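Hi,

Here is the structure I promised to pass on.

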Amino acid sequence: MLFQFQAVGRDLFTRGLVSSHSGNLSIRLGERLLITHRNSRLGCLEEQDLVETGISRNDRSTPLASTELAVHRFIYQQAPVQAIVHAHPPYTVALSFTESEIVPWDLEGRLLLSRVPVLCQREAVRPGELAGEIAQTLKVHKVVIVRGHGSFATGQLLEEAYHYTTALEESCRLLYLLKTLGITPNQTS
Ligand SMILES: [Zn+2]
């Protein structure tokens with residue numbers, strides 16, 4: 001189990017999809033979850049960087065969990081998913097400022113994601129905000145973007161949620177490049 005966290009965390013960091021101490025990962029364990037430690041470094045996770053706590057109940061480990069614990073809990077309470085990846089992919093975050101949803105133009109993105117909603121908040125983003133709205137959206141979408149913050153992807157495995165995260169970033173990178181060329185694919189599709 002640690003190996004899955006290490007593989008996905010290392011890849012997210014080396015691909016530049018999280019900074020040294022940002023992003024978080026979790027998997028469901030029945031009524032409990034295993035989540036990365038608050039301020040852990042996804043690029044070099046060790047056993048002590050994983051925190052097990054309740055999905056609906058607090059215990060002594062709860063304060064050690066990622067600052068996004070509330071969002072992960074809401075998602076597991078409302079959607080039948082087994083794993084969550086939260087990252088800050090730069091092209092995805094950049095486009096979140098101008099788009100209300102991402103509609104991939106590349107084949108992989110279209111097949112995997114179809115379209116990805118962008119959620120907004122009126123005030124500055126703080127960890128844990130929008131938890132209810134994110135969870136509601138993830139009942140019908142595999143990934144959701146929070147404007148100016150990052151992505152939340154779900155799956156049956158961490159690897160699957162990671163795949164959606166990288167596919168979204170690839171789609172956003174292509175959309176960004178097309179925009180800089182003056183091409184607006186969503187208007188011509
Ligand atoms: Zn974040």
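The largest nonpolar core has 48 residues, and I75, V85, I134, F152, L158 and A161 have the most contacts inside it. A nonpolar core here is a set of buried Ala, Val, Leu, Ile, Met, Phe, Trp, Tyr and Cys residues joined through C-beta atoms within 7 Å. Buried means that 20 or more other C-beta atoms lie within 10 Å of the residue's own; exposed means 12 or fewer, partly exposed is in between, and C-beta atoms are placed from the backbone. Helix 6 supplies the largest share of this core, eight residues. In soluble globular proteins, nonpolar side chains tend to be buried together.

Before you go further: this is a predicted model, in which local features need pLDDT of at least 70 and side-chain atom pairs count only at pLDDT 80 or more, while totals for chains, interfaces and linings use all residues. Residues are numbered from 1 along each chain as its sequence is written.

Buried residues make up 41% of the 189 residues. The radius of gyration, taken over C-alpha atoms, is 16 Å, which agrees with the value near 16 Å for a compact globule of 189 residues; that rule is 2.2 Å times the number of residues to the power 0.38. The C-alpha trace spans about 55 × 30 × 30 Å along its principal axes.

The eight strands form an open sheet with mixed pairing, in the order 3-2-1-4-8-7-6-5. Two strands pair if DSSP finds at least two bridges between them. Strand 3 (50–54) and strand 5 (101–102) are the edges, each pairing on one side only. Helix 1 (residues 2–14) packs on the sheet, touching strand 1 (24–29), strand 3 and strand 4 (83–87), and its direction makes about 155° with that of strand 1. Axes are lines fitted to C-alpha atoms, for helices over the stretch in contact, with angles from 0 to 180 degrees between N-to-C directions.

Strand 1 and strand 2 form a hairpin with two residues between them, and G30 in the turn has a positive phi of about 65°. Four bridges join this antiparallel pair, with I27 opposite L34. Strand 2 and strand 3 are also antiparallel, over five bridges.

F152 touches V71, I84, H86, I134, L138, V143 and V144, leaving aside residues up to four places away in sequence; contact means C-beta atoms, placed from the backbone, within 7 Å. V144 also stands opposite F152 in strand 8. From helix 1, V8 counts as buried because it has 24 C-beta neighbours inside 10 Å. Beyond four places in sequence, V8 touches L25, V85, L158, E159 and Y162.

Helix 6 (residues 158–180) has 23 residues and should span 33 Å at 1.5 Å a residue; its end C-alpha atoms are 33 Å apart, which agrees. The expected span is 1.5 Å times one less than the number of residues. Helix 2 (residues 69–78) is mostly covered, with seven of its ten residues buried, and the cover includes strand 1, strand 2 (32–36), strand 4, helix 5 (131–137) and strand 8.

Best wishes

Key: Contact = placed C-beta atoms within 7 Å.
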